[in-house]
Amino acid sequence: MTEHGRIAHRPRDIADCVSAYLEDGDIDGIISMFHPDCLIFFPPDQPPKSGTAGARAAFAELLEVRPRIESDVTSEVIVGDTAMLCATWRVLAPDGTVMAEGRSTEVAKRLANGGWGYLIDCPYGPPPLRTEVFAGAADH
């Protein structure tokens, strides 16, 4: 357990922890599931969001709705304190309406608390190769 009550003991557990924090309306809990140096490629047509401030911005609007995330991890490769994940997911409003869905690719990293958190979060898969994406990411 962490100060927020949940820890992802395996990389594949991160989405379930994020979902529980979303349903609880706990933005700090959500942030605890992201590595401090994270990059979040959402929305896919915008530059990536970085760090804890980026994670906060990525989830601020969703927090008002308090949806549930259903994630089916289809691949998990762990090498030391780094992991790559692929999953199919969907975000469900409290009434069960599907708000969004996709196939994700993420890189997770072991956190200081011993759990796992997202280092690179690509909810709709990796972005296309573009100079500005990688130039911006190198600055972080």
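Student: Which residues does I31 touch, not counting residues up to four places away in sequence?

Tutor: In this predicted model, I31 touches T52, A55 and R56 once residues up to four places away in sequence are set aside, where a contact means heavy atoms within 4.5 Å. The numbering starts from 1 along each chain as its sequence is written, and side-chain values use heavy atoms, with hydrogens and water left out. Because the model is predicted, local features need pLDDT of at least 70 and side-chain atom pairs count only at pLDDT 80 or more, while totals for chains, interfaces and linings use all residues.

Student: What makes I31 count as buried?

Tutor: The relative accessibility of I31 is 9%, and buried means under 20% relative accessible area, exposed means over 50%, and partly exposed lies in between, with a 1.4 Å probe and protein chains only; I31 therefore counts as buried. I31 is found in helix α2, and helices (H or I, at least four residues) and strands (E, at least two) are DSSP runs numbered from the N terminus. I31 and Y21 are 10 residues apart in sequence, with their C-alpha atoms 9.4 Å apart in space.

Student: Why is H35 called buried, and where is H35 found?

Tutor: H35 is found in strand β1, and because its relative accessibility is 14%, H35 counts as buried. Leaving aside its neighbours within four places in sequence, H35 is in contact with K109, R110, L111, G117, Y118 and L119.

Student: What does the side chain of H35 reach?

Tutor: The side chain of H35 reaches the backbone nitrogen of D37 at 3.0 Å.

Student: What is the largest nonpolar core made of, and which residues touch the most other members?

Tutor: A nonpolar core is a set of buried Ala, Val, Leu, Ile, Met, Phe, Trp, Tyr and Cys residues joined through side-chain atoms within 4.5 Å, and the largest one here has 26 residues, of which I14, V18, I30, M33, F34 and F59 touch the most other members. At least two residues of this core come from each of α1 (14-24), α2 (27-31), β1 (34-40), α3 (51-65), β4 (82-92) and β6 (116-122), and α1 gives the most, with 6 residues. I30 is in contact with V18, Y21, L22, F59 and L63, leaving aside its neighbours within four places in sequence.

Student: What makes α1 mostly covered?

Tutor: Of the 11 residues of α1, 8 are buried, namely I14, A15, C17, V18, S19, A20, Y21 and L22. These buried residues pack against α2, β1, α3, β3 (68-79), β5 (98-110) and β6. Just after α1, G25 takes a positive phi of about 75°.

Student: What makes E76 and R12 a salt bridge?

Tutor: A salt bridge is a side-chain nitrogen of Lys or Arg within 4 Å of a carboxyl oxygen of Asp or Glu, and the side chains of E76 and R12 meet at 2.6 Å, N to O, so the pair falls within the cut-off. E76 lies in strand β3 and R12 in the segment before α1, so the pair ties together parts that are 64 residues apart in sequence. Because its relative accessibility is 22%, E76 counts as partly exposed, and R12, with a relative accessible area of 37%, is partly exposed too.

Student: Which residues are linked in a network of salt bridges?

Tutor: R68, E70 and R90 are linked in such a network. E70 pairs with R68, the closest N and O atoms being 2.9 Å apart, and R90 pairs with E70, where the closest N and O atoms are also 2.9 Å apart. The pair of R90 in strand β4 and E70 in strand β3 links distant parts of the chain, 20 residues apart. E70 counts as partly exposed at 29% relative accessibility, R68 is partly exposed at 34%, and R90 is partly exposed at 32%.

Student: How many salt bridges does this rule give?

Tutor: By this rule the count comes to 7 salt bridges.

Student: Why is M84 called partly exposed?

Tutor: M84, in strand β4, has a relative accessible area of 39% and is therefore partly exposed.

Key: Polar contact = N/O pair within 3.5 Å; in protein donor to acceptor, adjacent residues only side chain to side chain.
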